[in-house]
Amino acid sequence: MSITKIKNNIGIFIFTILVISTFATGGILSELDEIAAVCSFLILILSFFCSCLKKKISKIFLMTLLFIIFGLISNIISGIDRSVFDVLIDIVTVGKPFWIFLAMIQLVSPDTFGWLRRKFSLIIKIFILMLYIFLFLNTLHIVQMGNTFLFSQIPNFSFTFGFPVPFAIVLYCCIGFLLKNDINIVRQPWIISLIFLIIFTGKMQSYIFVVIFLGFLSIRTYREKNLKVSRLILIGFIGVLISLPKLVNYFATTSYSPRKLLMTDGFGFALKYFPFGTGFATFGSAMASKDYSSLYYQLGYSNFYGMQPGDGLGSFLNDNWGASLIGQFGFLGTILFSIIIVRIYFLMIEYWGNEKIGLYVISGFTGLISIIIGSSFFTGASGALLMATFGIIVSYRKNDILP
């Protein structure tokens with residue numbers, strides 16, 4: 001078996017365990033995304049030392065390593081006691097979406113995306129039909145697959161995911177495997193079906209993916225150098241209308257707001273330890289919550305609802321990755337994170353530009369980044385799966401006709 005074939009199989013294996021981890025409702029299977037991240041890191045670091053890491057991704061990879069170094073320096077400067085295990089797990093969690101995306105580009109063959117589309121197409125269509133059956137049963141309250149309501153009457157739909165947004169991210173992944181590059185969206189019923197399912201999740205963070213994608217498609221005339229400002233204004237206006245109520249609730253409400261509290265304290269730590277932060281597993285991250293950070297006791301979080309130590313009691317502690325970013329890595333780390341994001345954008349645009357499938361990738365990445373202030377899904381299993389999908393698409397031969 002050739003080296004190319006072996007690399008491609010490893011890439012498919014990583015993608016497969018990400019799918020399993022995303023759909024797992026608990027147990028060891030739900031931790032497979034961390035294994036995927038470790039595998040991706042080892043592949044990238046080995047490729048780098050063997051001088052076979054693609055030049056287009058080597059700089060981004062080195063930036064992620066520098067980002068990790070900044071985090072470790074923050075741990076040393078802040079002096080907050082955290083175990084080596086906590087720090088290592090947090091490093092893997094933070095690096096996960098980047099390393100998996102880069103590893104897919106490094107590993108998979110140019111024709112892998114087309115092969116996966118052919119294999120997954122029927123499965124995804126059957127999955128969609130099944131989802132509509134459960135959506136109907138959920139709407140009639142025959143089964144319960146949502147914990148909030150649309151318009152105070154219609155229950156939202158999260159299927160088996162427990163929360164709607166990771167479910168919406170998975171649905172957005174499915175769009176990539178069914179989207180036809182040369183046919184108008186309104187003439188692709190399966191894509192419309194997936195968009196409606198995302199809408200029925202009933203969460204603003206889910207809507208962001210649809211609004212940005214459809215918005216980018218509406219200004220696709222940029223490719224013909226005929227960008228219509230009116231369409232840009234319309235997209236921005238719709239985005240503001242959708243996000244404003246939630247943003248006000250998160251950060252401007254006078255009532256108890258854990259997201260606002262985390263963001264305020266995150267900025268406070270960034271200033272206190274300027275230009276670094278508190279370091280890995282200390283503030284706003286999953287490990288800071290699981291192995292309760294001493295900072296939380298100092299801040300009095302142990303007395304607040306949803307921010308207390310104990311299983312299920314600290315659910316709000318890992319609910320704002322933006323706060324974790326600024327708090328744990330400070331201004332220096334946040335700037336480097338922003339540079340990494342911009343470099344990934346350039347990479348996506350260079351490969352696909354304004355092709356419909358390219359706009360899908362850029363829109364999805366924009367949506368994933370835009371929800372970090374109100375969630376931690378960017379570093380979760382569903383976020384990693386979406387980044388893996390983007391990596392596979394970027395690796396596809398641009399000039400080939402999608403099946």
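Reader: So a salt bridge is a side-chain nitrogen of Lys or Arg within 4 Å of a carboxyl oxygen of Asp or Glu. Which residues are linked in a network of those?

Author: Asp33, Glu34 and Lys96 form that network. Before going on: this is a predicted model, where local features need pLDDT of at least 70 and side-chain atom pairs count only at pLDDT 80 or more, while totals for chains, interfaces and linings use all residues. Residues are numbered from 1 along each chain as its sequence is written, and side-chain values use heavy atoms, with hydrogens and water left out.

Reader: Ok, and how many salt bridges are there by this rule?

Author: The count is three. Lys96 meets Asp33 at 2.5 Å, N to O. Those two sit 63 residues apart, with Lys96 in helix α4 (residues 84–107) and Asp33 in helix α2 (residues 32–49). Helices (H or I, at least four residues) and strands (E, at least two) are DSSP runs, numbered from the N terminus. Lys96 also pairs with Glu34 at 3.2 Å, N to O, and Glu34 in helix α2 is 62 residues away from Lys96. Arg82 and Asp86 make another bridge, at 3.6 Å, N to O.

Reader: Are Arg82 and Asp86 buried or exposed?

Author: Both Arg82 and Asp86 are buried. Here buried means under 20% relative accessible area, exposed over 50%, and partly exposed in between (1.4 Å probe, protein chains only). Lys96 and Asp33 are buried too, as is Glu34.

Reader: Zooming out, what is the protein made of, in helices and strands?

Author: There are 15 helices and two strands. Of the 403 residues, 54% are buried.

Reader: Which residues touch the most other members of the largest nonpolar core?

Author: Phe101, Ile175, Phe337, Tyr360 and Phe390 do, in a core of 101 residues. A nonpolar core is a set of buried Ala, Val, Leu, Ile, Met, Phe, Trp, Tyr and Cys residues joined through side-chain atoms within 4.5 Å. There is also a second, separate core of 16 residues, with Ile80, Leu295, Met307 and Leu317 among them.

Reader: Back to helices: why is α6 called largely enclosed?

Author: Because 15 of its 15 residues are buried, α6 is largely enclosed by the rest of the structure.

Reader: And what about helix α3, where is Thr64 in all this, buried or exposed?

Author: Thr64 is found in helix α3, and at 3% relative accessibility it counts as buried. Apart from neighbours within four places in sequence, Thr64 is in contact (heavy atoms within 4.5 Å) with Phe98, Trp99 and Ile340.
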